[in-house]
Amino acid sequence: MADGHADVALTGTAATSRVAIAASYAPSLVLFRGSLIRELVSRGHKVLCIAPDLGEKLREDLQELGAECVGVSLERTGLNPVADLGTIREFTDIFLEWKPDVVMGYTPKAAIYASLAASRAGVARIVPMITGLGYSFLPGGGLKAHLIRRVTEHLYKRALRVSHGVIFHNDDDARVLMAAGVVPQGISVSVVRGSGVDLDHYSQQPLPPIQDGITFLMIARLVRYKGVEEYCEAAQRLFGQGVKAKCLLVGPQETGPSAFPAAELLRYKPAIRYLGPTDDVRPHLARSHVYVLPSYGEGMPRTVLEA
């Protein structure tokens, strides 16, 4: 699993370390970083997981992996300088108290603010993970997206200036930030090709019967840069042509400037069947013939690897 290879990039040593992992979306700590956490713990490292909205079940799951966890106030979307400065102070206080040897934040805000706070707290090794650049780095988008991109580049530049390494999920994102002058000279750059998946957990399954037509499946948060609208338009076209097919959409609703409101899905009924969020994508994958993810501006999408 690719994140397992990140152990060396993070710790830089075989000795026992105290590793803090920060995220802006709490469930991703288990869903996307669970294997990494388990690997770090198995190698004798202490792990602290930091994220907003840590529910009781998630805390229990992280503890089963062998990690400690603590909550932080972090808004996933939007730019609120007052709130974001408060988040950096919270991260700093956590690091001063827990005294990590290594800090890794992933997703833009966590990667940036945890790195800046770790520098303030005097953490010895800071290695953010950039899993994708997001909608503001896509062509077009208007003035607002352009301004957000410039602000994001500035914040990444500040964060990487105090970091000792950076982990990317694909070469394209690394090239974009290098071309923008965001990645400082001399910093260690690693590309891990995505989070990886457990092939025992996501074992190969037989294709379902096809007599009732092909079943297409898309799994994604309802945001525009995942290609939700493109998927819905394609499903509508198939339905209009009388093609015998099912088009399923699975994933949680989102807020923020890039969100695709669930109410818009009503325009595509009955061509699209929206099944909402899920804690286990395997049953949906097992009932489908074709997996679709027309996204852009990402690293290596986890759901593609699962499929």
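F91 and F95 both belong to helix 5, which spans residues 81–98, and they stand four residues apart, about one turn of the helix. The model in which they are seen is a predicted one. An α-helix has 3.6 residues a turn, so residues three or four places apart point the same way.

- The structure holds one aromatic pair, and the rings of F91 and F95 form it, with their centres 5.9 Å apart.
- The planes of these two rings meet at 20 degrees, and because planes under 30 degrees apart count as stacked, the pair of F91 and F95 is described as stacked.
- F91 is buried, with a relative accessible area of 0%, and F95 is buried as well, with a value of 2%.

**Charges over rings**

- The ring of W98 has the charged end of R18 sitting over it, at a distance of 4.1 Å from the ring centre.
- In another such arrangement, R33 lies over the face of Y106, and here the distance to the ring centre is 4.5 Å.

**The two sides of helix 4**

- Helix 4 runs over residues 56–64, and its buried residues are L58, D61 and L62.
- After helix 4 comes G66, a residue whose phi is positive, near 100 degrees.

- H289 is placed in a loop, the one between helix 10 (282–286) and strand 12 (290–291).
- Is H289 buried or exposed? Its relative accessibility is 19%, and because buried means under 20%, H289 counts as buried.
- A polar atom of the H289 side chain lies 3.1 Å from the backbone oxygen of P208.
- P208 is also one of the residues that H289 touches when residues up to four places away in sequence are not counted, and the others are L207, P209, I210, G213, I214 and T215.

Technical notes: Residues numbered from 1 in each chain as written. Predicted model: local features only at pLDDT ≥ 70, side-chain atom pairs only at ≥ 80, totals over all residues. Heavy atoms only, no water. Buried < 20%, exposed > 50% of the residue type's maximum accessible area, 1.4 Å probe, protein only. Polar contact = N/O pair within 3.5 Å; in protein donor to acceptor, adjacent residues only side chain to side chain. Contact = heavy atoms within 4.5 Å. Phe/Tyr/Trp six-rings, centres within 6.5 Å; stacked < 30°, edge-to-face > 60°. Lys NZ or Arg CZ within 6 Å of the ring centre and 35° of its normal.
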